[in-house]
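Work through the exercises below with the structure open. Each task is followed by a solution in steps.

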Amino acid sequence: MIEEILKDSLQQVDGLAGKVYKLAAPKDATAPYAVFGKHDDTELQDLDGGTGFWTGNLELHLLAANYAALKALEQGVKRACRTAEGKVTADGLEVCEMRARVAETEEALPNTKLEHSEMEVTASWLET
């Protein structure tokens, strides 16, 4: 699954090892950490049906103690996504492309001292 490749890639970003969560972070999570979920995916079709080539979008939220740490996380995520390109999983999923961009302006979260950034990860992959 593309979500697992994203999670594994994000674990390599400085400060995020063991702090990447799907859909929600635990209440006791400490910054920095990341939360992600998949928006959508679509298999490309030809006249014979599904091609095995998929595209999809994932939403990623980064939380950090300060703005400088947040910007460093954003850059680390972008590098980690590019590094995932070309990887093949044991079950035959090959990442063709994975890119991340900042989707929403960074902001401090209300009632916390954490800085927040929403990123969008766009990926394409081949399932054999």
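**Exercise 1: strand pairing**

In β3, Gly50 is the bridge partner of Gln45. The model is a predicted one.

Task: determine how strand β3 pairs with β2 and with β5.

Solution. Step 1: strand β2 (residues 33-46) and strand β3 (residues 49-64) run antiparallel and are joined by 12 bridges. Step 2: two residues lie between β2 and β3, and the two strands form a hairpin. Step 3: β3 also pairs with strand β5 (residues 115-127), in the antiparallel sense, over 12 bridges. Step 4: at this second pairing, Phe53 stands opposite Leu126 in β5.

**Exercise 2: aromatic pairs**

Task: find the aromatic pairs in the whole structure and classify each.

Solution. Step 1: the search returns two pairs. Step 2: Tyr21 and Tyr33 are 6.2 Å apart centre to centre with 70° between the planes, an edge-to-face pair. Step 3: Tyr21 is in strand β1 (residues 20-22) and Tyr33 in strand β2, so this pair ties together parts 12 residues apart in sequence. Step 4: buried means under 20% relative accessible area; Tyr21, at 19%, therefore counts as buried, and Tyr33 does too, at 12%. Step 5: Trp54 and Trp125 are stacked, at 6.5 Å centre to centre and 5° between the planes. Step 6: Trp54 in β3 and Trp125 in β5 are 71 residues apart. Trp125 counts as buried because its relative accessibility is 2%.

**Exercise 3: the largest pocket**

Task: describe the lining of the largest pocket.

Solution. Step 1: the volume of this pocket is about 180 Å³. Step 2: its lining residues include Ser9, Asp14, Arg79 and Lys87. Step 3: the lining divides into three nonpolar, four polar and three charged residues. Step 4: helix α2 (residues 67-84) gives the most, with five residues.

Note on methods
Residues numbered from 1 in each chain as written. Predicted model: local features only at pLDDT ≥ 70, side-chain atom pairs only at ≥ 80, totals over all residues. Heavy atoms only, no water. 1 Å grid on protein atoms, 1.4 Å probe; cavity = no way out; pocket = protein on both sides within 12 Å on 5 of 7 lines; lining within 4 Å. Points joined across faces, edges and corners; volume = space filled by probe spheres on them. Helix = DSSP H or I, 4+ residues; strand = E, 2+ residues; numbered from the N terminus. Nonpolar A, V, L, I, M, F, W, Y, C, P; charged D, E, K, R; others polar. Pairing = 2+ DSSP bridges. Phe/Tyr/Trp six-rings, centres within 6.5 Å; stacked < 30°, edge-to-face > 60°. Buried < 20%, exposed > 50% of the residue type's maximum accessible area, 1.4 Å probe, protein only.
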